[in-house]
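Let's take a walk through this structure together, one stop at a time. Have a look at it first, and then read on.

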Amino acid sequence: MTWEQIAGLVLALLVMGVGVAGSVLPALPGPPLILVAAVGHWLWFGEQSVSGWVLGVLAGLTAGALALDYVATLVVGTQAAKMAAGLGAQVTIL
(Lines give C-alpha, C1' and ligand atoms only; values in the text may rest on other atoms or scores of the structure.)
Protein backbone atom coordinates (compact mmCIF):
# COMPACT_ATOMS: atom_id res chain seq x y z
CA MET A 1 0.00 0.00 0.00
CA THR A 2 1.13 3.50 -0.78
CA TRP A 3 1.03 6.35 1.72
CA GLU A 4 -1.90 7.84 -0.17
CA GLN A 5 -3.91 4.63 0.24
CA ILE A 6 -3.02 4.39 3.92
CA ALA A 7 -4.11 8.00 4.47
CA GLY A 8 -7.43 7.37 2.71
CA LEU A 9 -8.07 4.23 4.71
CA VAL A 10 -7.19 5.88 8.02
CA LEU A 11 -9.43 8.86 7.22
CA ALA A 12 -12.35 6.59 6.30
CA LEU A 13 -11.86 4.52 9.46
CA LEU A 14 -11.76 7.63 11.66
CA VAL A 15 -14.97 9.02 10.19
CA MET A 16 -16.65 5.60 10.47
CA GLY A 17 -15.48 5.33 14.08
CA VAL A 18 -17.07 8.68 14.88
CA GLY A 19 -20.21 7.46 13.10
CA VAL A 20 -20.32 4.30 15.21
CA ALA A 21 -19.89 6.44 18.34
CA GLY A 22 -22.73 8.60 17.02
CA SER A 23 -25.01 5.59 17.13
CA VAL A 24 -24.99 5.83 20.92
CA LEU A 25 -24.13 9.50 21.49
CA PRO A 26 -27.11 11.74 20.76
CA ALA A 27 -25.04 14.73 19.61
CA LEU A 28 -23.46 12.92 16.64
CA PRO A 29 -25.36 11.79 13.52
CA GLY A 30 -24.16 8.17 13.36
CA PRO A 31 -25.64 6.65 10.19
CA PRO A 32 -25.00 9.69 7.94
CA LEU A 33 -21.36 9.81 9.05
CA ILE A 34 -20.91 6.13 8.25
CA LEU A 35 -22.45 6.71 4.81
CA VAL A 36 -20.20 9.73 4.19
CA ALA A 37 -17.14 7.67 5.12
CA ALA A 38 -18.18 4.85 2.78
CA VAL A 39 -18.81 7.25 -0.11
CA GLY A 40 -15.49 9.00 0.58
CA HIS A 41 -13.71 5.65 0.57
CA TRP A 42 -15.42 4.77 -2.71
CA LEU A 43 -14.39 8.09 -4.27
CA TRP A 44 -10.82 7.78 -3.01
CA PHE A 45 -10.19 4.16 -4.04
CA GLY A 46 -12.48 3.80 -7.04
CA GLU A 47 -12.63 0.23 -8.36
CA GLN A 48 -10.73 -1.14 -5.37
CA SER A 49 -13.54 -0.08 -3.03
CA VAL A 50 -17.08 -1.36 -2.54
CA SER A 51 -19.54 -1.58 -5.42
CA GLY A 52 -22.33 0.84 -6.15
CA TRP A 53 -24.85 -1.76 -4.96
CA VAL A 54 -23.28 -1.81 -1.52
CA LEU A 55 -23.41 1.98 -1.34
CA GLY A 56 -27.05 1.88 -2.44
CA VAL A 57 -27.95 -0.60 0.30
CA LEU A 58 -26.03 1.49 2.83
CA ALA A 59 -27.86 4.63 1.67
CA GLY A 60 -31.19 2.81 2.09
CA LEU A 61 -30.26 1.66 5.56
CA THR A 62 -29.21 5.20 6.45
CA ALA A 63 -32.53 6.60 5.22
CA GLY A 64 -34.38 3.91 7.20
CA ALA A 65 -32.43 4.70 10.36
CA LEU A 66 -33.17 8.41 10.02
CA ALA A 67 -36.87 7.71 9.41
CA LEU A 68 -37.06 5.45 12.47
CA ASP A 69 -35.27 8.07 14.54
CA TYR A 70 -37.81 10.68 13.43
CA VAL A 71 -40.81 8.44 14.19
CA ALA A 72 -39.38 7.46 17.58
CA THR A 73 -38.91 11.12 18.45
CA LEU A 74 -42.54 11.83 17.54
CA VAL A 75 -43.83 8.91 19.62
CA VAL A 76 -41.71 9.70 22.67
CA GLY A 77 -42.50 13.41 22.38
CA THR A 78 -46.23 12.70 22.27
CA GLN A 79 -46.03 10.40 25.27
CA ALA A 80 -43.97 12.95 27.21
CA ALA A 81 -46.54 15.65 26.44
CA LYS A 82 -49.36 13.41 27.66
CA MET A 83 -47.48 12.63 30.85
CA ALA A 84 -46.76 16.31 31.43
CA ALA A 85 -50.43 17.17 30.88
CA GLY A 86 -51.50 14.44 33.31
CA LEU A 87 -49.01 15.61 35.90
CA GLY A 88 -50.26 19.18 35.54
CA ALA A 89 -53.84 18.05 36.05
CA GLN A 90 -52.87 16.18 39.21
CA VAL A 91 -51.03 19.16 40.63
CA THR A 92 -54.03 21.40 39.89
CA ILE A 93 -56.39 19.05 41.75
CA LEU A 94 -54.16 19.05 44.82
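Start with a patch of nonpolar surface, about 780 Å² in area, built from Met1, Trp3, Ile6, Leu9, Val10, Leu13 and Leu14. Keep in mind that this is a predicted model. Pick out Leu13, one of the patch residues: you'll find Leu13 in helix H1, which covers residues 3–22. Is Leu13 buried or exposed? Its relative accessibility is 53%, and the cut-off for exposed is over 50%, so Leu13 counts as exposed.

Now step back and take in the whole protein. Of its 94 residues, 13% are buried. As for contacts between residues at least 6 apart in sequence, 43% of them link residues at least 24 apart.

For the last stop, head to the loop between helix H2 (30–45) and helix H3 (52–93), where Ser49 sits. With a relative accessible area of 14%, Ser49 falls under the 20% cut-off, and that is why Ser49 is called buried. Which residues does Ser49 touch, leaving aside those up to four places away in sequence? They are His41 and Trp42. With His41 there is also a polar contact, side chain to side chain, at 2.7 Å.

Key: Residues are numbered from 1 along each chain as its sequence is written. This is a predicted model: local features need pLDDT of at least 70, side-chain atom pairs count only at pLDDT 80 or more; totals for chains, interfaces and linings use all residues. Side-chain values use heavy atoms; hydrogens and water are left out. Helices (H or I, at least four residues) and strands (E, at least two) are DSSP runs, numbered from the N terminus. Buried means under 20% relative accessible area, exposed over 50%, partly exposed in between (1.4 Å probe, protein chains only). A polar contact is a pair of N or O atoms within 3.5 Å; within protein, one must be able to donate a hydrogen and the other to accept it, and residues adjacent in sequence count only if both atoms are side-chain atoms. Contact means heavy atoms within 4.5 Å. Patches are made of residues with over 30% relative accessible area and no salt bridge: like charges are joined within 9 Å, nonpolar side chains (Val, Leu, Ile, Met, Phe, Trp, Tyr) within 5 Å. Accessible areas come from the Shrake-Rupley method with a 1.4 Å probe; for residues, only the protein chains shown count as cover. A salt bridge is a side-chain nitrogen of Lys or Arg within 4 Å of a carboxyl oxygen of Asp or Glu.
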